[in-house]
Structures are given as structure tokens and as C-alpha cells.
Amino acid sequence: MQEIKFFVLDGTYKIVYGKPEIILFAKTSDNKQIIVKDRNFEPYFYVIPRENAELQEKLERLRVEEENENYFVTRTEKIKKNFIGKEISCIKVYTNIPAAVANLREIIKLWDNVESVNEADIPFIRRYLIDKNIIPLMWYSGKGDFSNEESRVPVFELKTAEKTDEEELQGLKVLAFDIETYSPFDMQIDMEKNPIIMLAFYANDFKKVFVWKKFQTNLAAVEFVENEQELIEKFKQTILEYKPDILAGYFSDGFDLPYIKTRADKHKIKLDIGWDSSEIRSKSGRENTMSINGITHLDIFKFIKKTMGPTMDTDSFDLSSVANEMLGEEKHDVSLNELTHAWDNDNEKLETFAAYNLHDSYLTYNLSMKMMQTIIQIVRISCIPMYDVNRMGFSQLVEGYIMNQAPNFNEIAANKPSNDNLAKRRLNSFEGAFVFEPKPGLYKDIVVFDFRSLYPSILTSHNVGPDTLNCDCCVKQNTPDNENWFCTKKKGFIPFLVENLIKTRSKIKEQVKKDTLAGNPVNTALDAQSTTLKLLANSFYGYLGFYAARWYSVESAKSITAWGRVYIQKVIERALKEGFIVLYSDTDSVFLALGNKQREEAKKFAADINKELPGVMELEFENFYPSGIFVSAKMGSYGAKKKYALISEQGNLKIRGFETVRRNWSLIAKEVQEKVLDIILREHDKDKALNYVKSTVKDIRSKKVPNELVVIKTQLQKELLDYAARGPHVAVAQRMMNMGRKIGPGTMIKYIVTQGSDIIRNRAKLPEEVKAGEYDATYYIDNQVIPSVERIFNVLGYNKEDLLETKEQTKLGGFF
DNA sequence: TCCATCCGGGG
DNA sequence: GTGTACGGATGGA
């Protein structure tokens, strides 16, 4: 018997001689990749019988024989468990293989004297990690023996594993990558047709750009190869030699890896870089996902958007905006349109693009490292491997955490809802948060406060959860809406978990505070742990109201918002009484304008409120904004929910709800909107903004605007014949097909609306059919540019006609 | 007001 | 793989 120290990155299983074998992809303390196998774990699930029914014998006889596989029960145990607030007796049923669980549960749940079948839908590897308490990315000391099995990495057969005290993970190797592809101007991305022309890698100790055309360069990272085929071989080889634990990309689930895979298939290259020599493959699911056995494929775009997105200032998640906000850096400013031209005609220009390519992978690497501690902490708390954490939503993370904790409380997990139930739950809407509608306008000196821990603190202090709801022992309405009650005698399972999260977090915060006072460097792991605990605690409310949740409870969610409305309204009342101008409030945040007051007074206001709030509840100072604009979503006089733009003291624009200008809008409309917000908030010059719009309108009229700015893009979602409504993009697609072009679902249709008096779809033409200046100026002014800024100008006291007037506006002064 | 349709990120 | 999936806005009816 030998002893090794290791941590697990991910895992899977396979059947060997009719028995399941757990396979863990792990790393040892001397920084070696290792496969850890465990042959001693049995699949099982629970059966809850109806009133005293005797089921064990019948269960033990159960056996299904199919052509290639037999599914049967190996043994059963009677066991006491807790289930939604009650102690019950149930049967633990063991089966021969994992697949038998899914197979047999379908039969058993139809039996008359079966109340329900539980925990029969948990992936085997997750079951193993939870039951053996093997948390990914934590150190374990394992006993067992190395096997002489043939494999790319050594195989260790595990007998026992024990957690060690160490927390720090040294030597987690992250390698970022990025590709550039050949893409003629104005053509859709076509993985089948267009080759990859550059490939960059970046790690702290490794920088490389592979290119298959030669040019003069001083860039040390550049390495020339002969052709695309060799470039893909280099992709494989680099990964096999560098041996990263994490391969990071930006939108690489949706672009880089599917692209590389498509091209590799074309060249008949096998991308067999998994530790077990398996190939890169896409996992089933709606959205593209790419995975490699042993190597964690991190799509940092997905993680940032899902997990950090809601609290970030930026409204757009392209690499440049995200890098700007998180790292204070941007992409290189080069025009990608010229890349293909340079590739075909002007190789000496390629150096700029190679540098651009490398820089993108550098940004991807740094974003990954910036997020790494947070990701590690989420993995550890939810006991879910990084690959899945990367791709999961919040509710799944919460559920992961609850599932992980359930055995410690002897709780049986509730089942996921059936399809019928799901449909019913989706209809269950309830009164949400309180929203104070903003009055459209331009404001200065805005302070934003929010109640970050509003919902979790309500949840714990009022003992809210499915197992305390309308209990038998209390029977007295105690929610603000007087519809339900929550037990006041016994702490519920969910509130207990949330309270633990909050308590653990405040301990960590204390520690961080102590360290800071002592002048010690900030411990980033502790910091990330605190963020994660907060994130998780804040997600419970949403989870309870999420239709697909196991521990779903609308009554709980509904009562939490009811209490929430009570608290936020108290804050608003008080702010008004003290003479602040309340601009806007939604759920747990309040936007106040200082008016004649000082910033200090606002801080004191929050401090006073905090003195009166119970327990962990806290009104936090979010930020100060010198100016901001709230815009009406409708033409009426009501303010819009979530449609505003603010500028911080550092000069960062925080734009919310203006994302309507997306790819099915022309570039000219996007440009004008951005520029107008920028001029108004940064320069405080509404005349300049107005004149800018007017001069753009003039340019459009006099046909000075290049065609590329008036192209409208829409993607075909289905086969052409399946369209009932013939919009302009459908009409253009039809003509493309008649011209013999291959189109289908996913094809990007680009068109320009040209002059004429016919209906729009007959005037929509392919960009290459349109000569400069043939676009319909009126259409672009009335349907694109004006609508994108009209509401902004309404706020400033102008109407559509003012924007179209030809004469220049003179300075009026008096801005706010 | 409701139902169907599209976007996002990447080149 | 004991699975499995968004959320929001728009615009036409």
C-alpha cells in the first residue's frame, strides 16, 4: 500500500466487468497528473413506501434483462431519514450499475404502494464525491496502489482518502488560447469554409503565436508553420507538452473549440488530448459546450457573464469591455476587417495581427486568473467540478450546495418537478419586489445604496423555507401579506444552511479585518471565500422561487419579497423625510439625488438606518455618480424600469437597459446612441449632443455614410419554408437561395434597405448589390438613428422634430 | 396585451 | 449519462 497526496479536478466513470469504476482526474503534491480509480462504490437510491407497506422483498427480486445489459437490485436497507420537516422510514436500494438506477426507478415509481422514488437522478460521479466527501480542488491523502494499466498518465487504485488541513493549491496550471480565422468582409462566420490562420497561447511562463504565412517580425512568440494542418497539430502538441490543468478561452465553448474541431475533422486530425487519450467532444445540451477528459476547459466569458454579470457596470460582455472593467486594459485597436485583406495581399501587416492575437489570449489568461480564487471557492462549497461550475446558473449552484449538505442533516433530497408540475409552477407568479418608478430626467450627484443581504437575512430571521411553512405547531399567520406562517419553534433546514453561510462569512470578514489592521497582505483566497458565501446566500431566495428547483417553495419566495417591500419602503420614507430626492428604487437598491445635501449626509443617513436594522441586515453604499440619466421606456410620462445610464467619478459609464441596439440594428444607430450618452454624461453638453445627431442625420441624407454602417444583420433561425411571417431578412434569404447560395438555419442574413416606394422587404438588398449611397436615407433616419436616441432627448426636453431641424442649436446654458 | 422571434459572444 | 438547461426585448397580430 502506498500513500499519495492529491486533489481532484474532475471525474467520470466506466463499467469494467459489470462493475462501475470511478475515475478521478487528479494532481499530486509533486505536481503530476494522475488518474485515481475507485472500484468500491455502489449505485443506490431511496424508495419511500406508502403507509407501512412492505416492499423490500419485492424490490430485491426486481430485475430487467435487456439485449446488452441487465439491470437489477443487489440489496436493500431499511433506513430513517428526514424529508421536508418530517421523519420518515424508507428503503435504500442498491443496484448493479448506475444506469440501473434510472431504469428501475421508472418501474418502481408506478407501484401502488410506493409514495415516491428519491435521489434516483443524481449523476454517479456526483453521488460519489458527495458521499465520500471528496471535494474537488481540496487536498486529500489517499491510500492504495499504482496499477500497471496502460495509460497516458499513471493510474492509482484508491482504497481510502482523507482530507488534509492544507488549503492552498500550488501549481494549478492555466493556459489561455485564442484563434484568428480567415473571414472575408461582411461574410458570416463559416467554420466549414474558412481556415484558422493564427493560434495564440498564453501562460505565465509560455507565450506563442502560430501563423501559417511568413512575414518580417521581431516578436519572439511568433512561430511559423506550413499550413493550417500543421497549425492544428501544434495546438495538440502544445497542450500535450505544456500539460495545463485548465485550458481557458473567451467564448471558446461557442467559437474557438468548435472551430478547431471542425477544421481538425476536415484535415482528419484526431484531437485526442484527453488524459485517457479520448477526443475533445461537445457535451450534449442546448448551447455548445466542449470538454476534454482530464483538462478543465474554462470558458471564462461564460463564467463572467453568468456569475459576475449582474453586478458589473458594463452592459456588453465582449472581451474588450470586460477586460476594461476587470483589468483596466483593452484589446488592441486593430480593424479585423483588414486581417483577411492583409492575409491575401499584404503579409507585412500580419505582425500587428499576431500581436493582437497574442494580446487576446493574454487578456483571457488574466481574466481567468482574476476569477480563479472565486471559481475555486465555488467549486469547494458546492462540491461541483470547475467545468460544471463554469457552465451552471445560480440556482444549480445553490442546489449543489444543498445536495452536498443534505447527508449531514440526514435529509432526503426532494425530486425535480415532473413536466406537468413544471408547467404549473411556471404559471405561479407572485408579487415581486417594490419598484419606485423613476421620473425621466437628467440628474446630478447620485448616491446608490443597496441592501445586499436583504433577502438572506429575511430568510434566516423569519425562518423561511419549505419545511417550516405552515407547520402544525404554530398555526398563526405571521407574513406581511398575512397569507402564510413560518414555524417559530424549530429551525428549518434551509434557514439553518443560510444562517451558517452568513455566520461563516462574518467570521472570515473579521479575520480579513484583523489581517488588514495588522498590516498583513490581503489573503485573496479568504476574500474570494467571503464573496462566494455572499453570492450563495443571496441566491437562495431566487432558488426557492425557481420553477425547476427541488426545494421549490413559492410561498417562501413570496413571503420574502413581502418582507422585502416592507423594509425598502421604510428606507424610502426616511430618505424623503430627510430631504433627499428619491430617483429610483428596485428590489434592494435606492438611488438618491443629493439635492442641496452633502455626500457625508448620505453616508450618515445609511449609517443611521443600519443602527436600526435587525441582525445581519445592512444598507451598503454602492457608489457615487456625478451625473446620470433616467429614460422613459414608453412615450408616456412614466419612467422606465431599468433604463438608465450613470457615469462614475472615474469616468466609467454604467449603462442599463439600453441594449436594445443590438446586431439587428445598423452600426450607425449604435454609434449615435453611444456617442450621445457619452457627450451628455461626460461633457454635460446637450447642444453638442444635439448638433452631433443633426450632423449625422445630415450625413445620412447627403449619402455620406458608408454602406457598412447601414447593414442590418439577422440570423435565420429555421428552414426558409418554415417561416410564416416574411420579414425583410426572409425575403433576402429567399433571393440568396435563388442565386444558388447555400443558406439554412444559422445563416447570417445581411441587408441594406434601399430607396424606393415599395414595402420594406422588397427594398431589402444584399450589401454587395448596393452601391454607395443607394441606401434609403429616410428609413435609416426614422427607423434606426432617431429611435435609438429619441428617448434620451425627450428627457432633455427635445422632441423628434428638434432632432430633425436643420439649423444648428446655439448654446442655451443651464444644464441640469 | 399576448405570442412568436431573435440576441448574446467569437472572426 | 442516476442530468440538462436562459432571459429579456421587440414587434407583429
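## Contacts to the DNA backbone

A backbone N or O atom of Phe317 sits 3.3 Å from a phosphate oxygen of DNA strand B. With Lys331 it is a polar side-chain atom that lies 3.4 Å from a phosphate oxygen of DNA strand B. A polar contact here is a pair of N or O atoms within 3.5 Å; within protein, one must be able to donate a hydrogen and the other to accept it, and residues adjacent in sequence count only if both atoms are side-chain atoms.

Please keep in mind that this is a predicted model, in which local features need pLDDT of at least 70, side-chain atom pairs count only at pLDDT 80 or more, and totals for chains, interfaces and linings use all residues. Residues are numbered from 1 along each chain as its sequence is written, chains are lettered from A and ligands numbered from 1 in the order in which they are written, and side-chain values use heavy atoms, leaving out hydrogens and water.

## The surface around strand B

There are 27 residues around DNA strand B, and Glu180, Met187, Phe251, Leu319 and Gln717 come nearest (a residue is near if one of its heavy atoms lies within 4 Å). Of the DNA strand B atoms that come within 4 Å of the protein, 75% belong to sugar and phosphate.

By class, this surface has 12 nonpolar, 6 polar and 9 charged residues. Ala, Val, Leu, Ile, Met, Phe, Trp, Tyr, Cys and Pro count as nonpolar, Asp, Glu, Lys and Arg as charged, and the others, Gly among them, as polar. Strands S11 (174–181) and S26 (712–715) each supply at least two residues, and S11 gives the most, with 4. Helices (H or I, at least four residues) and strands (E, at least two) are DSSP runs, numbered from the N terminus.

## Helix H6 against helix H9

Helix H6 (residues 300–308) packs on helix H9 (residues 350–382) at an angle of about 55°, with axes 10 Å apart. Axes are lines fitted to C-alpha atoms, for helices over the stretch in contact, and angles run from 0 to 180 degrees between N-to-C directions. That angle makes H6 oblique to H9, since angles under 35 degrees count as roughly parallel, over 145 as roughly antiparallel, 65 to 115 as roughly perpendicular and the rest as oblique.

The contact (heavy atoms within 4.5 Å) includes Ile300 and Phe303 of H6 and Leu367 and Met371 of H9. Its residues divide into 8 nonpolar, 4 polar and no charged.
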